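This report examines how side chains are arranged in the structure shown below.

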Amino acid sequence: MISTRGRYAIRVMIDLAENNNGAYIPLKDIAARQEISKKYLEIIVKEMVAGGLISGASGKGGGYKLCRKPEDYVIGEILCLMEGSLSPVACLASETYECPRRATCKTLPMWKEFDEMVHDFFYSKKLSDLMSLPEQKQ
């Protein structure tokens, strides 16, 4: 399951892309538009800056902005930074994980296939693909 950290990080990235005017965008503006707690977003954007997805500036005129063009970001990289591995099982999440049943596991091929589908899906979507999509009916 993708946590709020991953989902909110994508929303922040979309917000930064859609409201880009060349200047830094204050976090309070992003929080208001996205209806997310500014305090929670502070934690998320700090990690995004450290991971090189966005840049930040403090003080007057400060805020956040993208480091690259929206079409140069893939959703998979955002999610992996915020979530860690997206693998469905521990034996695929880490190359150092030692599973004693690996050689005889009847389900491993299924998990590998699912893991590849998830990876391919998120790494085929660009941030620019998600911008200005029409509102979804619920």
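## Burial along helix α2

A residue is called buried when its relative accessible area is under 20%, and exposed when that area is over 50%. The model under discussion is predicted. In α2, the residues L27, I30, A31 and Q34 are buried. These residues lie on the same side of α2, because the arc they cover around the axis is only 100°. K28 and A32, on the other side of α2, are exposed.

Which elements cover the buried residues of α2? Among those that do are α1, α3 and β2. After α2 comes E35, which has a positive phi, near 55°.

## Residue Q34

Q34 belongs to helix α2. Its relative accessibility is 17%, and Q34 therefore counts as buried, given that the cut-off for burial is under 20%. When residues up to four places away in sequence are left out, Q34 touches R11 and D15.

## The largest nonpolar core

The largest nonpolar core comprises 29 residues. Those with the most contacts inside this core are M13, L16, L41, M48, I54, L66 and L127. At least two core residues come from each of α1 (4-18), α2 (27-34), α3 (38-50), β2 (63-66), α4 (75-83) and α6 (108-123). Helix α1 provides the largest share of the core, namely eight residues.

What does L66 touch, apart from residues up to four places away in sequence? Its contacts are M13, L16, A17, L53, I54, Y73 and L127. Of these partners, M13, L16, I54 and L127 are also listed, together with L66 itself, among the residues with the most contacts inside the core.

## The second largest pocket

The second largest pocket holds about 200 Å³ of space. Its lining consists of I2, R7, I10, R11, I75, L79, F121, F122, K125 and L130. By class, seven of the lining residues are nonpolar and three are charged, while no polar residue takes part.

Helices α1, α4 and α6 each contribute at least two residues to the lining of this pocket. The most comes from α1, which gives three residues.

Note on methods:
Residues are numbered from 1 along each chain as its sequence is written. This is a predicted model: local features need pLDDT of at least 70, side-chain atom pairs count only at pLDDT 80 or more; totals for chains, interfaces and linings use all residues. Side-chain values use heavy atoms; hydrogens and water are left out. A nonpolar core is a set of buried Ala, Val, Leu, Ile, Met, Phe, Trp, Tyr and Cys residues joined through side-chain atoms within 4.5 Å. Buried means under 20% relative accessible area, exposed over 50%, partly exposed in between (1.4 Å probe, protein chains only). Helices (H or I, at least four residues) and strands (E, at least two) are DSSP runs, numbered from the N terminus. Contact means heavy atoms within 4.5 Å. On a 1 Å grid over the protein atoms alone, a cavity is a set of points where a 1.4 Å probe fits but cannot get out, and a pocket is an open set with protein on both sides within 12 Å along at least five of seven lines; lining residues have an atom within 4 Å of a point. Grid points are joined across faces, edges and corners, and a volume is the space filled by probe spheres set on the points. Ala, Val, Leu, Ile, Met, Phe, Trp, Tyr, Cys and Pro count as nonpolar, Asp, Glu, Lys and Arg as charged, and the others, Gly among them, as polar. The arc is that of the directions from the helix axis to the C-beta atoms.
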